[in-house]
Amino acid sequence: MMSLFDAAMVIARRDFIATVYSRSFVLFLAVPLVVFAAMVFASAQTDEAQRSEAQPVVALVADTSTAQALQSARDRLSAGLPERILPRLRIVAPAENVDVQARRLLADETLGYSAVISGTLERPVLTGPSKVDEIVGARLQLVVDDARRVAALERAGVTVQPVAIERVVTAQAAGNLQMIRRGIARGSQGLIFGVTVLLATLLLSNLAEEKSNKVIEVLAASVPLDAVFLGKLIAMLGTSFVGLALWGGMAALGYLFVQVVQDWVTMPQAGPAVGWPLFVILILLYYGANYMLLGALFLGIGGQASNIREIQTLSMPVTMLQVAVFLVAVTVVGSEGGALTWFAYLFPFSSPLAMVALASTSSSLWPHLLALVWQLLWVVVIIRVSSRLFRLTVLKSGSAGSLFSLNFWRKGASN
Amino acid sequence: MTVDLAIEARGLFKSFDGKPAVRGIDIAVPRGTIYGILGPNGAGKTTTLRMLLGIIEPDKGRRTLLGHDRPLEAARIVGYLPEERGLYPAMTTKEAIAFMGALRGLPLDVGRKRAEILLRENGLADYVDKPIKSLSKGMAQTIQLFGTIVHKPNLVVLDEPFSGLDAINQGRLEHMIRDEAASGTTVIFSTHVIHHAERLCERIAIIAGGQIRFEGLVSEARDRLRPQVRLRTRATEGAWRGSLPADAEIIGDHWEFELPAAGIEPLLKALIDGGAGIEELSIERPGLHDAFVAIAGEAAAREMEESEAMGKAA
């Protein structure tokens, strides 16, 4: 018998070539790119639409001087704030009965006013539904206050010249750094989660091919089932790295292109606690660990399914499991301790995501070594349990052998 | 004298969902022989082979495969053609053969070279780069058989290898089995078609109802039945009738009975002296089919015939 690893590599090589050289793999590579591009485009479009839709428009029904004072106050305040914070003001000439005019303006759907402000600077009136106070009332208060303050200063003949704040530049501020590192942590968790979700569910149906075309009988007679499971995992991990290399390469090219256009090429100054090079290595290692852990579980579960319908039925709980694990890991980003944090670090399926976040926020390296060994151990355990379950239930073998027997590593007879 | 055994199994038991599939199988396959396991469908042949190969574990009993208690330890020197054939449809014939060799530890490049040789030697050079999915069932089965022997195993296990093959491919397979045996390889195959076993095997096991009913040389199985005498005479009555055994039967225009233990010469003398007027006398050695009926019973024989008929229809 070959060593377990040699046997696994025979399986892995076959699966890898069968996947990568198939026409569907081109689709597999292209679809996420197309979906990502579509999402970016849709997001940009949505932002633009939301910007105009989400910003309330208020009819400003007042005499010319009041209207100009309020409009000027809004423009001044908007200069230092995001455009969408303050409601837009549209000046409407006052009618005889302003109260009736305000109600008519609010009823007209073509105009789309959220509220009407009328009266004078000394006695402003806001007309609109009760929710208006929550949405625009407080912000219009700022506008009115600023207009009145400026009017008062003008009346007093006081002029306040704008003063430029002197800048003292430091490399970083602790508050910012923590925020950025938490952002990097969540981003890396999201990246690992997203790619794993995309790929790991494929493993649910991975043994279906061998079961349907009866190759499993040939494999089971030739190599240990552990090698079959391990080989399939390695093949799919390799396949996913091909995808990652392509997608990551394109993202890196895009980043460089933007930087070159801006005439400078740098990495972001604020980075993860362990530094960018090590962090990228840890992302890859934890991605591999996460993929192997979930993949081994899915392969084991999928191996029990006897048809495509069962595999499809299993897909949903499996995806929900991934989402639950992701949420646990995201929750503990930046946490200093506590039961949930330790659970996230130790529970095998959340450990890679939680640990990659730790790499972003803490510079200690030894926990990563321990975590990777711990995760690898669980990969072995899950593969062994899955293959034994497969032997018991699918191959109908009465005894599946000892779970922790290491005899399968031995080399056997040869010609 | 100790016989060098390729396979030895003692008291193998296996149940599926509480229903016994095999009950106390004992088998001893000497190295270098062609060994057949005969039995109707559902007799336990495949379960026995799968236990011998370690694909499934027996509930009870022990077996050794080429001296190994754990059959997978001998995987490099064993070839196996399962009853339900399995190949990856997208693979080319050459790659499929090489892959099966690689599963048994044969380097891929060596496997590819040997695959080409096997295909060429069997007049299938045009199929080297054809994908499996483009082949007929019989051709795909032949390719899988090449994959079974590409790593030059010491033991080849074939489960119902003739099923689904046309006469030409059956002949080719018989030829290959003989070639393998001639080169010192032990071949064990299961079949429900008696004449394959009769033509190829030195030793057989007859299995029915999950139990071994006979295990030994084909000639020993036949010798369980006495030769049959077929006699036609001119006279219908006379003293010669006293020389016939008590259980002699008239079938049509002739008599049939087992050859007496004393042999043919005393019988012949009594027939001539008694004025039988012998028109025809023949002695027929029983075939394996007769031996199978005698050993496994009429019911098992009928099941075998039905299995064979279904196989041909398929």
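In chain A, the C-alpha centres of domain 1 and domain 2 lie 56 Å apart. This is a predicted model. The domain assignment of chain A places residues 4-31 and 174-409 in domain 1, and residues 57-156 in domain 2.

**Domains of chain B**
- Chain B is assigned a domain 1 spanning 5-222 and a domain 2 spanning 226-284.
- The C-alpha centres of these two domains of chain B are separated by 46 Å.

**Contact between chains A and B**
- Chain A contributes 26 residues to the contact, and chain B contributes 32 residues.
- On the side of chain B that touches chain A, strand S1 (5-16) and helix H2 (93-103) of chain B are the elements that give two or more residues.
- H2(B) provides the largest share of that side, with 4 residues.
- By class, the side of chain B that touches chain A comprises 19 nonpolar, 10 charged and 3 polar residues.

**An open sheet in chain A**
- In chain A, 4 strands in the order S2-S1-S3-S4 make up an open sheet with mixed pairing.
- Strand S2 (88-92) and strand S4 (124-127) of chain A are the edge strands, each pairing on one side only.
- On average, neighbouring strands of this sheet are turned by 25° against each other, direction ignored.
- Strand S3 (residues 115-119) of chain A runs antiparallel to S4(A), and 4 bridges join them.
- A:Gly119 stands opposite A:Pro124 in S4(A).

**Helices across the strands**
- Helix H3 (residues 64-79) of chain A lies across strand S1 (57-61) and S2 of chain A, at about 165° to S2(A).
- Helix H4 (residues 98-107) of chain A lies across S1, S2, S3 and S4 of chain A, at about 165° to S3(A).

Definitions and conventions: Residues are numbered from 1 along each chain as its sequence is written. Chains are lettered from A and ligands numbered from 1 in the order in which they are written. This is a predicted model: local features need pLDDT of at least 70, side-chain atom pairs count only at pLDDT 80 or more; totals for chains, interfaces and linings use all residues. Domain bounds come from an automatic or database domain assignment. Two residues are in contact if their C-beta atoms, placed from the backbone, lie within 7 Å. Ala, Val, Leu, Ile, Met, Phe, Trp, Tyr, Cys and Pro count as nonpolar, Asp, Glu, Lys and Arg as charged, and the others, Gly among them, as polar. Two strands pair if DSSP finds at least two bridges between them. Axes are lines fitted to C-alpha atoms, for helices over the stretch in contact, and angles run from 0 to 180 degrees between N-to-C directions.
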